[in-house]
Each structure stands twice: as C-alpha cells, then as structure tokens.
Amino acid sequence: MHSADAAAGTARQPSKRRVPVSQPGMGDPHQLFDDTSSAQSRGYGAQRAAGGLGYPAAAASPQATFLDDPMSNVAMAYGSSLAAHGKELVDKNINRFIPVTKLKYYFAVDTMYVGRKLGLLFFPYLHQDWEVQYQQDTPVAPRFDINAPDLYIPAMAFITYVLVAGLALGTQDRFSPDILGLQASSALAWLTLEVVAILLSLYLVTVNTDLTTIDLVAFLGYKYVGMIGGVLMGLLFGKIGYYLVLGWCCVSIFVFMIRTLRLKILAEAAAEGVPVRGARNQLRMYLTMAVAAAQPLLMYWLTFHLVR
C-alpha cells in the first residue's frame, strides 16, 4: 500500500521541462510583439540630451527660416509701401469724385436739429433770420444752425416716401416689387433732372454762387417731407385730407425755397445786405422762382396716383 501510494504521488508530481534561455538580441518566440521600451528609452534619453532642457529639440520652422532671410525682409517692406501707396491713391480718387469729408458736414445733425428743421419746413412763415452762420469762413455744422442744409432729412424722407408709397399701393391691392422699384427710380430720376437743370441754368446765366451740388440735393430733397404727409393723410382721410395737407406743404416748401435760395443765388446782394437791381439779378430771381415753383408740381406728380 505504501509503495502504491508513493508511486501514485510520484506520478502526480508535475514533470519538469527546461525552458530555453533567450539569447541576447533575440525575442521571446511566444511573444507577439517585440519589446522596444529599452530602445525608446535610449532614444528618449538621447533626445533629452540633445534638447538640453528636458524636451526634444524642435526643428526650425519654414516661417522662421523665411523671416530670417534678408531678401524676405526687403520683400515685406516693399509690399507694405506698395499697400500704403495703393490706399493713398484710392482715398485720393474717392475724395475726388465723392467728397467724403464734405458729406460728414451734411450729416452732422442731432435730434433737436431734426425737430426744428421739420417745424421750419411745415411753418416757414414764422422764421425770420434765414442767413447761414459762418465761423472763420466755414459754415457752422447743421446741428448748430437751423438754416444750414443737411442730407440726413432728405435721405430719410426719400426712404420713408418709398415705404409709404408701398403701403399705399398695398392698401389698394396694387403692390408689386416692380411698381415700387419704378416709383423709387422715378423719384430719383426727377431729383437728378432737377439738379442738372439748375446747374445748367446757373452756367448759362453766368451766376457766381456758393451753391454747391450737394446743397441743391439737400434743398430739393426737402419736398419729400411734405409728400409723406400728404400721402399719409390721404390714407387716413381720403382725397380731402390728401389735398388739404399736400396743399399746405406745397405752399410751405415754396416759401422755404424762395427764402433759402434767394440768399444762395443772390450772393452779392446777400453779402451787401440790400437788394441789387439789374438784369443779371433779375435772371437770378426768375431762376429762384422757377426752382421754387417746380417743387409743388413735382410733389403732386409723384403722389397723386397713390391716393384713391
């Protein structure tokens, strides 16, 4: 029994087998991937040594190399000078055809000026002093002088007139983008024709005046304020309201244009403070009357079809 148990115990002991020792430079045959940690550590240590501060040494970028090149610095300086010259040339041409600095003067307004100017356009009979104020041979900004022309009110009035025209056409089931565009282009064409006709008339009668083209656009654009009032009253009260308000606005703009342009066109008379009689001054007065009389006609022509 003891011999059998000993033989069984001897049989249950695991068999010993020799594991081959891997030689240097050879991997474990049962290992799927090679152990490269030692090589990486060796390479990383080399990189740390090369970097000097514990980080790998970074290679020089192409941008740094380009900036270090003297020729690149010369090219950049030439490009900057060329861009500056081009900007100066563009600004010069823009100021030649579109006087930006002068336009800033015509938009130098505030809320108080707009309110007073609208009151002047509707009630010019109550105003007494119509001369534009000057400071060192330069006209005062519109926000300081109610008599100074501006472009803010004409521009806003033109846009509002187009919108009110679209509203009026919409209430009559006649609205369409084409008709609204035709309305806006027609009003703009009439304004352009007025400016060209006045400039041509001043040239033909050889009138020397300080009235500029922008001044003409400003003065002629004030009639859109009365046109807006007439169309709105027409929408609210019908034909009667339209004719009453438009008639009042037509008379008001006529008086406003007479008293304003008289000082602009009669430059010599305004400078002396007394009316100067003569054939040339009579032509100037006739021209002033013609410009003022054209405003009510155009106000009616551009609005009568909007109220039915």
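**Exercise 1.** In this predicted model, work out what span helix H8 (residues 177-204) should have, and compare it with the distance between its end C-alpha atoms.

*Solution.* Begin with the length of the helix, which is 28 residues. The expected span is 1.5 Å times one less than that number of residues, which gives 40 Å for H8.

**Exercise 2.** Which residues of H8 are buried, and what phi does Thr206 take just after the helix?

*Solution.* Taking buried to mean under 20% relative accessible area, the list for H8 consists of Leu180, Gln183, Ala184, Ala187, Leu191, Glu194, Val195, Ile198 and Leu202. When reading such a list, recall that an α-helix has 3.6 residues a turn, so residues three or four places apart point the same way. Just after H8, Thr206 takes a positive phi of about 50°.

**Exercise 3.** Find which residues form the nonpolar surface patch, and decide whether Phe304 is buried, partly exposed or exposed.

*Solution.* The patch is formed by Trp190, Leu193, Tyr243, Tyr300, Trp301 and Phe304, which together have about 610 Å² of accessible area. H8 and helix H12 (279-301) are the elements that give two or more residues to it. Phe304 lies in the segment after H12, and because its relative accessible area is 31%, it counts as partly exposed.

**Exercise 4.** What are the helix content and end-to-end C-alpha distance of residues 216-236 and of residues 242-262?

*Solution.* Residues 216-236 are 95% helix and 0% strand, with end C-alpha atoms 32 Å apart, while residues 242-262 are 100% helix and 0% strand, with end C-alpha atoms 30 Å apart.

Technical notes:
Residues numbered from 1 in each chain as written. Predicted model: local features only at pLDDT ≥ 70, side-chain atom pairs only at ≥ 80, totals over all residues. Heavy atoms only, no water. Helix = DSSP H or I, 4+ residues; strand = E, 2+ residues; numbered from the N terminus. Buried < 20%, exposed > 50% of the residue type's maximum accessible area, 1.4 Å probe, protein only. Patch = residues over 30% accessible without salt bridge, like charges linked within 9 Å, V, L, I, M, F, W, Y side chains within 5 Å. Areas by Shrake-Rupley, 256 points an atom, 1.4 Å probe, with all protein chains shown as cover. Salt bridge = Lys/Arg side-chain N within 4 Å of Asp/Glu carboxyl O.
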